[in-house]
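The sequence and model are shown first.

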Amino acid sequence: MIIHIDPGTAFGTGMHETTQLCMRQLKKHVTSETELLDVGTGSGILSIASLLFGAEKVTMCDIFENAVKTASENVEKNNFTHEHYTAYCGNIIDDAELRSKLGTGYDVVCANIVADVIIGMSPLFAGFMKPDATLIVSGIIDERLDEVNAALTENGFVIADSRSEEGWNCIILHR
């Protein structure tokens, strides 16, 4: 699969272990009916990969305006239009209005960020998801894995799988 991307100052070239771990899981969980929420989208690489895997629509969100702009440009470089994506700037932890705009009913939610942010978002993820949806989180170093797992399970998630590469972890969960 070829992804055309210019990460600019946003995170996400596809070379980091966390991105690769997420992409492998997205390939398993994305179907032609998938609506995906990409929290902390960075360059948009996971959203683009999901569209290339056949996702119906992706919604991207990042706290940095430049990342949202870059991600949108990158989606379009890969021949997808606004029919296929929406993009928002803001912090879902602090912004109830943004959470409302993002909506609910996602089949897959992914967050390739860092442990502290995933822990902070752990009470919010379920609100975006369909009952049988999949949550994919990555960006977690070995030393923080147990702490992230505890936060997610305390918020009603069940760990379906966990993958590790070079000290980085990706967790696949259901509610």
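Is Glu 165 buried, partly exposed or exposed? Glu 165 is partly exposed, with a relative accessible area of 22%, where buried means under 20%, exposed over 50% and partly exposed in between (1.4 Å probe, protein chains only). This is a predicted model, in which local features need pLDDT of at least 70 and side-chain atom pairs count only at pLDDT 80 or more, while totals for chains, interfaces and linings use all residues. Residues are numbered from 1 along each chain as its sequence is written, and side-chain values use heavy atoms, with hydrogens and water left out.

**Helix α3**

- Helix α3 covers residues 65-77, which is 13 residues; helices (H or I, at least four residues) and strands (E, at least two) are DSSP runs, numbered from the N terminus.
- From first C-alpha to last, α3 reaches 18 Å, close to the 18 Å expected at 1.5 Å a residue; the expected span is 1.5 Å times one less than the number of residues.
- The buried residues of α3 include Ala 67, Val 68, Thr 70 and Ala 71, and Ser 72, Asn 74 and Val 75 are also buried.
- Among the elements that cover these buried residues are α2 (45-52), β2 (57-62) and β3 (85-89), with contact taken as heavy atoms within 4.5 Å.
- Asn 79 follows α3 and has a positive phi, near 70 degrees.

**Salt bridges between separate elements**

- The count comes to seven salt bridges, each defined as a side-chain nitrogen of Lys or Arg within 4 Å of a carboxyl oxygen of Asp or Glu.
- Arg 24 pairs with Glu 165 in a salt bridge, with the closest N and O atoms 3.0 Å apart.
- That pair links distant parts of the chain, as Arg 24 is in helix α1 (residues 17-29) and Glu 165 in strand β6 (residues 158-165), 141 residues apart.
- Arg 24 counts as partly exposed because its relative accessibility is 41%.
- Asp 107 and Lys 130 form a salt bridge whose closest N and O atoms are 2.9 Å apart.
- Asp 107 lies in strand β4 (residues 106-112) and Lys 130 in strand β5 (residues 129-141), so their pairing ties together parts 23 residues apart in sequence.
- Asp 107 is buried at 18% relative accessible area, whereas Lys 130 is partly exposed at 32%.
- Salt bridges with shared partners join Asp 116, Arg 144 and Glu 147 into one network.

- Lys 101 and Glu 97 form a salt bridge at 3.8 Å, N to O, and both residues are exposed.
- These two residues are about one helical turn apart because they are four residues apart in helix α4 (residues 96-102).
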